[in-house]
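Work through each task before reading its solution.

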Amino acid sequence: MSLVTNSIRSTLRGLPSLAAPLPAFDTSQAPANPAALFQSWLENAIDAGLREPHAMTLSTVDAHGRPDARTLILKDLTGAVWWFATHSLSPKGTQLTATPYAALTFYWPTLGRQIRVRGAVITASSADSARDFLERSESARTVAALGNQSKPLANAEERRTVLSRTEPPPECPEWTLYGVVGQEVEFWQGDPGRDHTRLRYTSTDDEWERTLLWP
Ligand SMILES: Cc1cc2nc3c(=O)[nH]c(=O)nc-3n(C[C@H](O)[C@H](O)[C@H](O)COP(=O)(O)O)c2cc1C
């Protein structure tokens, strides 16, 4: 037991993190609105050839106030609202119905950048959610419409059988586009010398307040 633990520990200690070169972050040039900065950092991530820069961690809390987290795909950004889609009866959907607040975390390793978004969660119109559902591949629609995400599965055969017998439906009323209304949005630029730069935007009545944070 301890041998295995030591071996993993030394492996972990040998892994580099935030290795050079990483870009600089001149916060004096940061735009007034975090959505503009998010978009420019996303474009940098795409240009840098990062795989799936639109993958993010969605954190929610369960009925006991305990955190839960998983990876989702960012579907859109409108104003300062970050959109994702899922089944409303999945565990995360149920958690969001009970506690409509969430956090999103993006990490783009090649650039040493992390973005955190926190805020209240809203749902899109049923027409927008329906359109998102229709844009999914046939197999993704079939799986989603079954509505059994995260339920126990007896074996892989059961999944294959059910999927092969099910036609992709044109609609799924539970498929929902959710938006996190950015209340706090933090941009973190890692530095190989650990002199990291952090800028937090906080939404106030009529503008965004910008605050530098200690790393
Ligand atoms: C890269 C990646 C993208 C994913 N995108 C989605 C997504 O957009 N919507 C979704 O419901 N699940 C997505 N998943 C699956 C979720 O991480 C999760 O396993 C599933 O939604 C069940 O979560 P829950 O039990 O907390 O409801 C994705 C997983 C990965 C690794």
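Buried means under 20% relative accessible area, exposed means over 50%, and partly exposed lies in between (1.4 Å probe, protein chains only). The model is predicted, so local features need pLDDT of at least 70, side-chain atom pairs count only at pLDDT 80 or more, and totals for chains, interfaces and linings use all residues. Residues are numbered from 1 along each chain as its sequence is written, and side-chain values use heavy atoms, leaving out hydrogens and water.

**Exercise 1.** Find how many salt bridges there are.

Solution. Start with the rule: a side-chain nitrogen of Lys or Arg lies within 4 Å of a carboxyl oxygen of Asp or Glu. Apply it, and the count is seven.

**Exercise 2.** Classify both partners of the salt bridge between arginine 70 and aspartate 68.

Solution. Check the distance: the closest N and O atoms are 3.3 Å apart. Arginine 70 has 18% relative accessibility, so it is buried. Aspartate 68 has 30%, so it is partly exposed.

**Exercise 3.** Work out which strands the salt bridge between arginine 118 and glutamate 184 ties together.

Solution. The N to O distance is 3.5 Å. Strands (E, at least two residues) and helices (H or I, at least four) are DSSP runs, numbered from the N terminus. Arginine 118 lies in strand E6 (residues 113-123) and glutamate 184 in strand E7 (residues 175-189), so the pair joins parts 66 residues apart in sequence.

**Exercise 4.** Locate arginine 160 and glutamate 157.

Solution. Both lie in helix H6 (residues 156-164), three residues apart, about one turn. Arginine 160, at 48%, is partly exposed.
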